[in-house]
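Please consider the structure below with attention to its side chains. The account that follows takes up rings, charges and open space in turn.

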Amino acid sequence: MPTALVAGGAGFLGSHLVDKLIDEGWRVLAIDNLITGDWSNLDHQPDVVRIEADVSRPLTIDEAIDGVFHLASPASPVDFARIPFEILHAGSIATERLLELAIAKNARFLFASTSEVYGDPLVHPQSETYWGNVNPIGVRAVYDEAKRFGEATTMAFARYRSADVRIVRIFNTYGERMRLGDGRVVPNFVGQALRGEPLTVYGDGLQTRSFCYAKDLIDGIYRLFQSGCAEPVNIGNPTEHTILEFAKAVQRLTGSQSPIVHREFVTPDDPKQRRPDIAKAKSILGWEPATSLDDGLKRTIEDFQKRISRAQP
């Protein structure tokens with residue numbers, strides 16, 4: 001039985017990756033500092049070894065490891081001003097420490113990057129050959145540039161230290177276990193609809209995103225890890241929706257009577273368009289998303305309903 005270390009294993013995507021690894025026959029060590037993760041995300045996986053630690057600090061693992069998965073980074077815009085240095089450290093110091101660990105253990109390393117490396121793109125859709133349009137000193141830069149630096153660190157280790165690496169660029173993802181107060185589009189709209197609050201759309205709502213269901217994304221990540229591709233690969237859903245269209249879909253699927261309200265657009269450097277070119281994932285991995293937006297949203301809404309009900313007196 002191979003052993004995987006999942007940094008960020010108590011988080012939204014990290015916990016789904018843990019599920020996938022266990023299904024594929026892996027033993028899993030989940031490490032998390034719980035700054036945004038929650039061990040309750042793994043309550044259904046009693047055999048997972050839980051390690052509470054910050055991977056940007058020195059780390060010792062006294063056992064064999066076959067795979068190191070670096071998903072340890074807050075990813076929500078609400079965190080950028082709240083914990084900027086933790087986000088910067090997750091992409092920089094933590095990436096180097098986990099790569100050193102992977103080399104010491106002769107393990108394969110996967111770095112979870114992001115579509116944010118493309119910034120507010122001037123090319124649409126975005127392929128892996130696009131270098132991006134990122135504001136390096138903006139509020140979002142603590143996340144965008146940390147991930148860009150993490151990619152550069154990963155490739156340097158591959159070139160000069162013979163590290164066995166994989167890099168996934170994750171596009172907008174939703175699904176069960178997202179934080180209720182995450183601040184991103186899906187938790188905002190679903191939470192507001194279920195609570196009977198107005199659905200808040202910033203600006204005209206015509207900015208676009210491409211939403212990928214979490215289990216589809218994790219399947220793509222696992223295929224990439226098992227592949228022979230060391231360079232970045234986009235994993236996401238190429239079906240593009242406006243934010244306004246998405247708000248209406250949430251209204252419809254929740255049966256909510258909550259109105260949609262528009263507020264002034266105040267998020268600096270927020271991308272106006274976001275859609276992955278997944279030709280590389282299709283050709284190399286044989287991967288593309290399989291879950292429709294309606295099906296994925298129904299499962300997400302059911303999960304949110306349960307958690308909101310438990311949180312209420």
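A charge is taken to sit over a ring if NZ of Lys or CZ of Arg is within 6 Å of the ring centre and within 35 degrees of the ring normal. The model examined here is predicted. In this model, Arg307 lies over the face of Phe304, at 4.9 Å from the ring centre. A further arginine, Arg108, is placed over the face of Phe225, with 5.6 Å to the ring centre. Phe225 also belongs to an aromatic cluster, which it forms with Trp26 and Phe69.

Rings may also pair with one another. How many aromatic pairs does a search of the whole structure find? The search finds nine. One of them joins Tyr118 and Tyr130, whose arrangement is stacked, with 6.0 Å from centre to centre and 20 degrees between the planes. Both tyrosines are in the loop between strand S5 (108–114) and helix H5 (141–160), and they stand 12 residues apart, so that the pair links distant parts of the chain. Tyr118 and Tyr130 are each buried.The pair of Tyr174 and Tyr213 is tilted, because the ring centres are 5.7 Å apart and the planes stand at 55 degrees. Tyr174 is in strand S7 (residues 173–174) and Tyr213 in strand S10 (residues 212–213), and this pair links parts of the chain 39 residues apart. Tyr174 is buried, as is Tyr213.

Attention now turns to charged side chains. Side chains of opposite charge can pair when their charged atoms come close. The structure holds 24 salt bridges. One of them is formed by Arg177 and Asp19, with 2.8 Å between the closest N and O atoms. Arg177 lies in the loop between S7 and helix H6 (185–195), whereas Asp19 lies in helix H1 (residues 12–23); the pair therefore ties together parts that are 158 residues apart in sequence. Are these two partners buried or exposed? Arg177 has a relative accessible area of 16% and is therefore buried. Asp19 counts as buried as well, because its relative accessibility is 11%.

Helix H1 also contains Lys20, which takes part in two salt bridges described here. Glu24 forms a salt bridge with Lys20, and the closest N and O atoms are 3.2 Å apart. Glu24 is partly exposed, because its relative accessible area is 39%. The side chain of Lys20 also meets that of Asp219 in a salt bridge, at 3.6 Å from N to O. Elsewhere, salt bridges link Asp79, Arg82, Arg179, Asp182 and Arg184 in a network.

The last topic is open space. Rolling a probe the size of a water molecule over the atoms shows where empty space is left. The second largest pocket has a volume of about 230 Å³. Its lining consists of 13 residues, and those closest to the pocket centre are Glu128, Trp131, Glu151, Arg169 and Pro232. Which element gives the most to this lining? Helix H5 does, with four residues. By class, the lining of the second largest pocket has seven nonpolar and six charged residues, and no polar ones.

Notes
Residues are numbered from 1 along each chain as its sequence is written. This is a predicted model: local features need pLDDT of at least 70, side-chain atom pairs count only at pLDDT 80 or more; totals for chains, interfaces and linings use all residues. Side-chain values use heavy atoms; hydrogens and water are left out. Rings of Phe, Tyr and Trp (its six-membered ring) pair if their centres lie within 6.5 Å; planes under 30 degrees apart count as stacked, over 60 as edge-to-face and the rest as tilted. Helices (H or I, at least four residues) and strands (E, at least two) are DSSP runs, numbered from the N terminus. Buried means under 20% relative accessible area, exposed over 50%, partly exposed in between (1.4 Å probe, protein chains only). A salt bridge is a side-chain nitrogen of Lys or Arg within 4 Å of a carboxyl oxygen of Asp or Glu. On a 1 Å grid over the protein atoms alone, a cavity is a set of points where a 1.4 Å probe fits but cannot get out, and a pocket is an open set with protein on both sides within 12 Å along at least five of seven lines; lining residues have an atom within 4 Å of a point. Grid points are joined across faces, edges and corners, and a volume is the space filled by probe spheres set on the points. Ala, Val, Leu, Ile, Met, Phe, Trp, Tyr, Cys and Pro count as nonpolar, Asp, Glu, Lys and Arg as charged, and the others, Gly among them, as polar.
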